[in-house]
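Please open the structure in your viewer and keep the selection panel at hand.

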Amino acid sequence: MAGADGDDSLYPIAVLIDELRNEDVQLRLNSIKKLSTIALALGVERTRTELLPFLTDTIYDEDEVLLALAEQLGNFTMLVGGPEYVHCLLPPLESLATVEETVVRDKAVESLRKISQEHSPVDLEVHFEPLVKRLASGDWFTSRTSACGLFSVCYPRVSSTVKAEIRQHFRTLCSDDTPMVRRAAASKLGEFAKVLEPEYVKSDIISLFTALASDEQDSVRLLAVEACVSIATLLPQEDLETLVMPTLRQAAEDKSWRVRYMVADKFSELQKAVGSEITKNDLVPAFQNLLKDCEAEVRAAAANKVKEFCENLPEDNREQIIMTHILPCVKELVSDTNQHVKSALASVIMGLSTILGKDNTIEHLLPLFLAQLKDECPEVRLNIISNLDCVNEVIGIRQLSQSLLPAIVELAEDAKWRVRLAIIEYMPLLAGQLGVEFFDEKLNTLCMAWLIDHVYAIREAATCNLMKLVEKFGAEWAQNTIVPKVLGMANDPNYLHRMTTLFCINALSEACGQEITTKQMLPVVLKMSNDQVANVRFNVAKSLQKIGPVLDSNALQTEVKPVLEKLATDSDMDVKYFAQEAISVLALA
Amino acid sequence: MMGDRPSPPRAMSSAPTTSPSVDKVDGFSRKSVRKAKQKRSQSSSQFRSQGKPIELTPLPLLKDVPGVEQPELFLKKLQQCCTVFDFMDTLSDLKMKEYKRSTLNELVDYVTVSRGYLTEQAYPEVVKMVSQNIFRTLPPSDSNEFDPEEDEPTLEASWPHLQLVYEFFIRFLESQEFQPSIAKKYIDQKFVLQLLELFDSEDPRERDYLKTVLHRIYGKFLGLRAFIRKQINNIFLRFVYETEHFNGVAELLEILGSIINGFALPLKAEHKQFLVKVLIPLHTVRSLSLFHAQLAYCIVQFLEKDPTLTEPVIRGLLKFWPKTCSQKEVMFLGELEEILDVIEPTQFVKIQEPLFKQISRCVSSPHFQVAERALYYWNNEYIMSLIEENSSVILPIMFSSLYRISKEHWNPAIVALVYNVLKAFMEMNSTLFDELTATYKSDRQREKKKEKEREELWKKLEDLELKRGLRSDGIIPT
């Protein structure tokens, strides 16, 4: 039968190719996705001589099919006979790298990058590098765009003459006529700089970087900011001031908010790359400006970086810089007109307390926390609450509790269920920090109220919350405070509330332990097996299955088994199903 | 599993099971409803407050000074109007804002009626004043998911001045005394590039003025035409392949519509490339409905110029035919009808097979609007005549879909339309129609058999893969 190299009679290429040509796109797509199977059937030789030429010649298809093809070819090395023949894959991938659709092209480039590693240095120069050159000098912008992503993978492994050519091509593309190509080049500038020899970083990359950073299109300039991080890390400290900083300063004050946004967004990376001296002299004032920018987008991006920026300041005068330069800006942001800015700040501001220490936190930060806890926007309040642990370490949460409580209560009753859901998720954390007494006094009612929320997701989260609370405060606390309330709901006229009892029992039984489960919970569950609503009954079956392992065998045999057997003969199909399932899982049959 | 059944009262998990992330808004109300509560937003990135009040020294009216002094005063007024005010602060510089407004008004009137005012020195000053006022980085969109179909656009706050500046500039460009040969020193590529970027403005009033401005510039500056076309290309390509966001696509297409109209024959390769590589891919964009009318107009313009482009255009549309968006599919069908309205019979023959395969798919779409739109083709006399001439090719392609829908489509209106179409076919070519009816069943069976063979082939191939995989861990033995 099929030999190592495929079998003509069984799998004539015509049949296979028919599949790849099927009129129905979906079928064609399926066939392309299984291209490796076809190749396997054909064997390496015929894959090289028949299949690949066919694919190369007939590439005109829907982008979806092309995308699948581009992806497949990246994993085809073994199917064409290993690294020795890997260059056979270049022609179809070259065509795919010139396609209009970005996702196809990107995938083709990704595959090319992958198989470039499988080329020997000789093949790289003979086959791969010429392809890169062809793409780089293509007529239509798509091929030149694709070329940008290929320079860095072949550069390290070719001879110095070829290297010089590659650098020249990259230079040309950086000043290409179309902004699309310049954008592609700018986005690969950092990556390319990393593989260049240090002398060329200085002689080539810096001038390209400067040019791209002052491009007429802001979409190009902002990509240069990204490259700035990589370039700065490659240069010795003494060169940064003259080679990089003028451009970076200019970017931080660019007339386009998109560029300034990018600077704000990359600020921590930039800060690390340029080092502490430049940070002190240049970045601190730049950061202040970004925090005061006229566009909210920029302020929000900068606000997000406040904590990281402060953390990475040189320790010797960190506190002084924060107190005199950063904190005044932060104070203003607390009452910003834009809620995204405030909410970005609220997500990091608590982190400052660890950096500034107890006294400063109480004197300067606490008023800000309190102000944000009273903010009109729920997201701001939530972000403060979700980061309480940072403050807790420094000054303890008690300082905040007076303001915290109204904020929590208000969020707990917010009209938007997602807000309620978010605050529930912080309950265990809050409970841990506020302590059991405070909790019982102020928050317990809230936690119980959520159990009868009209949104299922809230009831579900409330159930899970109870379990976490019990894990924190222990079984005895559970027995005294929540179990009675939960079990009381079993008699509620609303079947959804009755089911909540069951869900709570499922969640709590393990944490509460055998005694509470057997003595208090089990009787309630068993009683509910007579409920008139089938949903409740089959959830009884599910609950019994769930709490079974916590019970002792006596209770299982004498109490659980008869009830399950009864449910297994219920008139409702689902009740029967779950009862039977429980019987078999608990091995009661 | 059977746990979550929909029948009441068991719909226990009727609750939203969305990710726990906190959303700004409850996701249930329609966006337009939510938005309605907010007031119309205004924005401007025009100005960074300098904090100081602005003082302009009032100048006499142009009509109040002797004619010889007017050019000089005109320049002074232009210079004053370079001052830009902060309109986000509604209370600042009220008096000076009013002064600038009245000065701009005066300038508008002046360039419209006066003669002999346009000295050579005036050109750079006019361009400078216009640039200072209109060129700016557009502010970020108010909501990052701005949906032009549903959301109110953010209006430019400085419009009271901006409008007059645009008005003035258009009058200037249209003035009888305007000399492009002098102006081209100042209205250059860089100027045009910045002008084009403004088309992304969310404010429809501004885009409307920009459209006129660009149109005038294209008309008067021959040297800039190729550049303008190239830059519009770049904007479109970026829009299609990178961002899917640009507010001024419809306006730019409208200008292009009239540009295409003026193309000389035979069409240059550049123009054909623009059609195939830019205009056709524009059909893939999600927000197609916002500029589809203008786009279809451009396409039809091209085909009226050069009918040989019909085949690549229709093939392009077929390639990008919407797969999931029925609204877009209806738009495509509308455009295709516009194309068929002007198609030459010789071109029709070249493209009829792939074209009617697609139409046959549309006709059997479960979405009745798609099916209906496609079936309306049979009400078009010209299309009917083309179908009739080629019924021996088209009827076999269409038959099985039509036959099937006539039996199974859920919508009675569609079934009725299909009966009419079948009747029309029967009248056109009754012999072929009878043949197809007779072989319908056996054809279906043959298809099924083929389907089965395919499945078997793949099964065999998979077995083989499995066998080889076991033998050598996925790597082919040598």
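The stops below cover an annotated domain, several salt bridges and a pair of packed helices.

This is a predicted model, in which local features need pLDDT of at least 70 and side-chain atom pairs count only at pLDDT 80 or more, while totals for chains, interfaces and linings use all residues. Residues are numbered from 1 along each chain as its sequence is written, chains are lettered from A and ligands numbered from 1 in the order in which they are written, and side-chain values use heavy atoms, with hydrogens and water left out.

**The annotated domain**

Select residues 89–270 of chain A, which UniProt lists, in an unreviewed entry, as "domain: Phosphatase 2A Regulatory Subunit A helical". UniProt positions are given in the numbering used here, feature names are shortened, and annotations may be inferred rather than shown by experiment. The span is 79% helix and 0% strand, and its end C-alpha atoms lie 40 Å apart. Helices (H or I, at least four residues) and strands (E, at least two) are DSSP runs, numbered from the N terminus.

**Salt bridges**

Over all chains, the structure holds 58 salt bridges; the term denotes a side-chain nitrogen of Lys or Arg within 4 Å of a carboxyl oxygen of Asp or Glu.

Select A:Glu110 and A:Lys107, whose closest N and O atoms are 3.6 Å apart in a salt bridge. The two are three residues apart in helix α6 (residues 102–116) of chain A, and are therefore separated by about one helical turn. A:Glu110 is partly exposed at 46% relative accessibility, and A:Lys107 is buried at 19% (buried means under 20% relative accessible area, exposed over 50%, partly exposed in between, with a 1.4 Å probe and protein chains only).

Next, select A:Glu216 and A:Arg182, a salt bridge with closest N and O atoms 3.9 Å apart. This pair links distant parts of the chain, 34 residues apart: A:Glu216 is in the loop between α12 (198–213) and α13 (218–234) of chain A, and A:Arg182 is in helix α11 (residues 179–195) of chain A. A:Glu216 is partly exposed, with a relative accessible area of 47%, whereas A:Arg182 is buried at 6%.

Then move to A:Lys342 and A:Asp375, bridged at 3.3 Å between the closest N and O atoms. Both residues are buried.

**Two packed helices**

Finally, select helix α27 (residues 436–450) and helix α29 (residues 475–488) of chain A, which pack at an angle of about 15° with their axes 12 Å apart. Axes are lines fitted to C-alpha atoms, for helices over the stretch in contact, and angles run from 0 to 180 degrees between N-to-C directions. The helices α27(A) and α29(A) are therefore roughly parallel to each other (angles under 35 degrees).

Note on methods
Parallel < 35°, antiparallel > 145°, perpendicular 65-115°, else oblique.
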